Amino acid sequence: MSNSLLISTRKGLMIYRRTPKGWKHKSTHFLGSPVSVALADAKGKTIIVALNLGHFGVKLHRSVDAGATWTELAPPQYPKVEGGEKDDKAPALKGIWALEWAGPDKPGALWCGTTPGGLFYSSNLGTTWALNDGLWTMPERQKWFGGGTEHPALHSICVDPRNSNRVAIAVSCGGARVTTDGGKTWNVGSHGMRAAFMPPDKQFDPDIQDAHMMVQCPAKPDVYWTQHHNGIFRSVDNLKSWHEITAPVSSFGFAVAVHPKDPNTAWFVPAKKDEDRYPVDGNVIVTRTKDGGKTFKVLKRGLPQGNAFDLVYRHGLAIDKTGKRLAMGSTTGSLWTTDNGGDAWKLVSSHLPPIYAVRFA
Amino acid sequence: MVQVHFTSHLRHVAPGGVVTAAGTTIRVVLMDVFARHPALKTYILDDQDRLRVHIAVFLDNEHIRGPETMDHAVRPTSELYILQALSGG
């Protein structure tokens, strides 16, 4: 099981280590600064951290010694447009919402998803970045719009374990897209998603879907799960189509995790839809299916029941490679882990800053 | 030469103390500073070289605001303060 956790919070990056006595705080980095997402290599030595400073913009830092020292990198930058310094509509980086390794055959290469919707690629551990033109210049991108943010947010990047040139992305609100040529061209990957809140003729438009988070099963990469604004969706045909699934308590939420070996097993953290966004009846629960969404079990052992306001954001639920250990962090600074697939959760801390992302390292 | 002061919150990327810079507008003055302190630039300007929304600019004790801020004229004896706006907290 993974014994290290990166916790991205509103007040810094916290690293927790699993010890014989449970999860213990190991170190804090960038104390006071909002950390939107962090990524580590398999050894936990190289860590890339994205900050979103309220005044000074998005910043990127890298450590190659497990956080002992940090180097500030130039963040991804949108190309300058003519007259852009006086054009309110000219694009600029608003936030980093996703960081993923580009594949085992591309050592040191990274994908980065951003607000306002651009996808960036770095071949050198984040030292330099290039905007993916294929996605950015795609005519359908003009249909994208913000969901929860003013601008579209590219939050999910799934690098296919069979072929690292096959990459799927998901956007709030822009549905899912997939490339099979390393990012030169992008095809629609969100047919079947439904947005009930849109005008009738637009409800199945694949380019406006508010996918909150999309994950791919590593062992069965034809299978994807998405927690969508409208509910839960699953694709079993490599993104050719999606079908909608209804879960108990609420199908609304942000986070989803899929079992690394079993494509039928997935976890969700429901919330009261959709403007309320707190646990239904104040009870923090996780829903888990083991049969591809036919049935769900409500998991609540170890989680607060009653008067709880913990919301788990899209990157707030993580699973390790065994599929038994999960971690979950909330907007009210609670962090839980489980070693039995969610049957029982253990509180690690209830007084962290608001948590944006958790990830096993 | 224009005297430029940066908020202490930028001390890890900004020059210590007062910086002197040349230019007839706020933009030109700042670009002169950034030429010598390139790491500072993305903290003050965005990808399109627009002033970040939550940066406050005071020129000779006047709070300069609005879309023309960067083009505001400065005098050779001006004093320029680059601060974090409270709106961004």
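Between them, chain A and chain B bury about 1,800 Å², of which 47% lies on carbon and sulfur atoms; buried area here is the accessible area, taken with a 1.4 Å probe, that two parts lose on being put together, summed over both. On the side of chain A, the residues that lose the most area to chain B are A:H55, A:F56 and A:E85, together 39% of what that side buries. This is a predicted model, in which local features need pLDDT of at least 70 and side-chain atom pairs count only at pLDDT 80 or more, whereas totals for chains, interfaces and linings use all residues. Residues are numbered from 1 along each chain as its sequence is written, chains are lettered from A and ligands numbered from 1 in the order in which they are written, and side-chain values use heavy atoms, with hydrogens and water left out.

The contact between the chains (heavy atoms within 4.5 Å) draws 24 residues from chain A and 23 residues from chain B. Across this interface there are 3 salt bridges, each defined as a side-chain nitrogen of Lys or Arg within 4 Å of a carboxyl oxygen of Asp or Glu. A salt bridge links the side chains of A:K86 and B:D71, at 2.6 Å from N to O. The side of chain A that touches chain B is made up of 10 nonpolar, 5 polar and 9 charged residues, where Ala, Val, Leu, Ile, Met, Phe, Trp, Tyr, Cys and Pro count as nonpolar, Asp, Glu, Lys and Arg as charged, and the others, Gly among them, as polar.

Over all chains, the structure holds 22 salt bridges. In one between A:E100 and A:R359, the side chains meet at 2.8 Å, N to O. Because A:E100 lies in strand β8 of chain A and A:R359 in strand β28 of chain A, the pair ties together parts that are 259 residues apart in sequence; strands (E, at least two residues) and helices (H or I, at least four) are DSSP runs numbered from the N terminus.

On a 1 Å grid over the protein atoms alone, a pocket is an open set of points with protein on both sides within 12 Å along at least five of seven lines, a cavity is a set where a 1.4 Å probe fits but cannot get out, and lining residues have an atom within 4 Å of a point. Grid points are joined across faces, edges and corners, and a volume is the space filled by probe spheres set on the points.

The structure holds 1 cavity of 30 Å³ or more. About 50 Å³ of space lies in the largest cavity, whose lining includes A:V269, A:Y278, A:N283 and A:D310 and divides into 9 nonpolar, 1 polar and 1 charged residues.

Some backbone geometry also deserves attention. Most residues other than glycine have a negative phi, and most peptide bonds are trans. The bond joining A:T115 and A:P116 is cis, with omega about 20°, and A:P116 is placed in the loop between β9 (110–115) and β10 (119–122) of chain A. Also cis is the peptide bond from A:S172 to A:C173, with omega near 0°.
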